[in-house]
There are 2 protein chains.
Amino acid sequence: MELRHLRYFQALAETLNFTRAAERLHIAQPPLSRQIQQLEEELGVALLDRGRPLRLTEAGRFFHEHSRTLLEQLGKVCDNTRRIGSGEKAWLGIGFAPSTLYGVLPDLIRRLRSDAGLELGLSEMTTLQQVEALKAGRIDVGFGRIHINDPAIQQEVLTLDPLVAALPAGHPLLPGPVSLTDLAQEPFVLYPGNPRPSYADHVLSLFAAYGLQIEVAQWTNELQTAIGLVAAGIGITLVPASVQVLHRVDIGYAKLQEAQATSPIIISRRVGDASPALTHCLALIEELAEGHIG
Amino acid sequence: MELRHLRYFQALAETLNFTRAAERLHIAQPPLSRQIQQLEEELGVALLDRGRPLRLTEAGRFFHEHSRTLLEQLGKVCDNTRRIGSGEKAWLGIGFAPSTLYGVLPDLIRRLRSDAGLELGLSEMTTLQQVEALKAGRIDVGFGRIHINDPAIQQEVLTLDPLVAALPAGHPLLPGPVSLTDLAQEPFVLYPGNPRPSYADHVLSLFAAYGLQIEVAQWTNELQTAIGLVAAGIGITLVPASVQVLHRVDIGYAKLQEAQATSPIIISRRVGDASPALTHCLALIEELAEGHIG
DNA sequence: CTAGCACGATACCCGCAAGGTATCGACTAC
DNA sequence: GTAGTCGATACCTTGCGGGTATCGTGCTAG
């Protein structure tokens, strides 16, 4: 299938007349017939009722509606690409680990969005994937939670989120505060299971630093799932404090006694990247961070 | 531009290597080079940094990101078109006049959406456009506010919304109830100005039925604008009661003494259209209407 | 009922551009 | 410097998109 097919079908669906559609497309009528036949064949679906008067089938109406919006979107993408290429606009690719979405990131994104000269590209990815994406140029900045050593990547700690324990509602340790020693007695739900290294390793090493070892009752790949399993009583888990915005009646959060039990939000970027968009973004981050503290 | 260009650029952006991308596309490397050059020429933008290692430019990253989602969307559209064509799914095109969105329509849409075997197509259009779209097969059912005589179209009144007066905050006629005679003393903001016949004619004929004539201080094309002008003190207007969900501190609504001053929500459909999706939709509407009354 | 016509499908030809092969040239790495 | 990697260029081939001519069919007017 080619865009030609979409464009031709578009014209045909609007005029419902092969001859006039062909005129509008500045081609003769027979080639149009052929292209439409090809399209129908490739889809394996009749898009038109060939009776008089010509009518779209149900599938045809659906395809018409959606291919139109696709073509419009493509037009906009091309436009914006030209603008970015001519320096009229800038583009900033942002990679983020899911858990960073509960903290300052939404605010940052909102502010960057309000900048008319800036187009944002957001992709959810692990810190490890961020490093790859940075090197490949797919993103310009990443927000993650773990340290990774790579000579081409520069990392900075943005904030230190205190960790809190997520416990099923009615758990005896609630409302806290609790100690790591107490928590180590409980079965854990840890995430993400892969790829490693991950936030899970950060949690494990935290306990190890206190000479503690925890039993992992269940591995999951996502925070949301982990929280669900905690609610179901499978175990407990540690989450960054910002995750507490997830209110659930079947979950309680408890502060930790150990103030140094934290999870960082880490900004990754290419070493030596001094593009204006990135600089602007970093300046905005600085500003937001100061606002938070002050 | 053709889909070929997008697909090729996609592969290239992912591998960042002409030779390997060409392999993946099952073509030789030189044609790939040419197609990419064409794409860049058409966009008038460099998408690649031709140094070693190969890198995407900022515009290239943007185009990569967005063309990927476009291609994915296209894939889904084709899939769903096939499903609809094979009868596995149904499609229902709905046209609606903007003001009907404040009433039962959202609830109906929500329920129809929850039906996995049904794809919805929503288009905002005037009642007049609905008639054309029904005949052309672009939609299967329309929700509007005015009667139109057309032998191919069947119309039924779904509900009769009482009309209420929209007045600027602090207006002496507030909080009502008010009579049409009182209102006829005030300048009016009426909408939509075109195309005619429209809801405005319904309002005019309502006053005419009581032997009253109103002065139209301002015509607008949209309800939102009209409300804004009312708030600005240009005049007053009559709106269906369901519009009152638009709370504004600078607008007050007053009931009318004349209970027969109503605006209908009118369902339009093709005469003799007995498709399962439409039947299902109409049954659901019936159900919702009963729930409203009971 | 039939002649006329409107309109889409079919048949067939032409030219162009997409794809292939061979090769060059530039940058990298040792 | 030299070998190797990889994209660009040159040139050929061919498949396919588009054109013209014509057919077939179903609506319509009388």
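The exercises below, each with a worked solution, concern a predicted model.

**Exercise 1.** Work out how many residues each chain brings to the contact between chain A and chain B, and which elements of chain A supply them.

*Solution.* Begin with the totals: chain A gives 37 residues to the contact and chain B gives 37 residues. Next, turn to the side of chain A that touches chain B, where helix H1 (3-15), strand E2 (55-56), helix H4 (58-85), strand E3 (90-96) and strand E4 (118-124) each supply at least two residues. Of the elements on this side, H4(A) gives the most, with 18 residues.

**Exercise 2.** Decide whether Thr81(B) is buried or exposed, and find which residues it contacts beyond its neighbours within four places in sequence.

*Solution.* First place the residue: Thr81(B) lies in helix H4 (residues 58-85) of chain B. A residue is buried if 20 or more other C-beta atoms lie within 10 Å of its own; Thr81(B) has 27 C-beta neighbours inside 10 Å and therefore counts as buried. Then list the contacts, leaving aside neighbours within four places in sequence: Thr81(B) is in contact with Leu43(A), Val45(A), Ala59(A), Phe62(A) and Phe63(A).

**Exercise 3.** Describe the surface near DNA strand D by its residues, its elements and its classes.

*Solution.* Start with the count, for 16 residues surround DNA strand D, and the closest are Ile27(A), Ala28(A), Phe18(B), Pro30(B) and Ser33(B). Then assign elements: helix H3 (29-43) of chain A, together with helix H2 (18-24) and helix H3 (29-43) of chain B, each supply at least two residues of this surface. By class, the surface near DNA strand D has 7 nonpolar, 6 polar and 3 charged residues.

Conventions:
Residues numbered from 1 in each chain as written. Chains lettered and ligands numbered in written order. Predicted model: local features only at pLDDT ≥ 70, side-chain atom pairs only at ≥ 80, totals over all residues. Contact = placed C-beta atoms within 7 Å. Helix = DSSP H or I, 4+ residues; strand = E, 2+ residues; numbered from the N terminus. Buried ≥ 20, exposed ≤ 12 C-beta atoms within 10 Å, placed from the backbone. Near = placed C-beta within 6 Å. Nonpolar A, V, L, I, M, F, W, Y, C, P; charged D, E, K, R; others polar.
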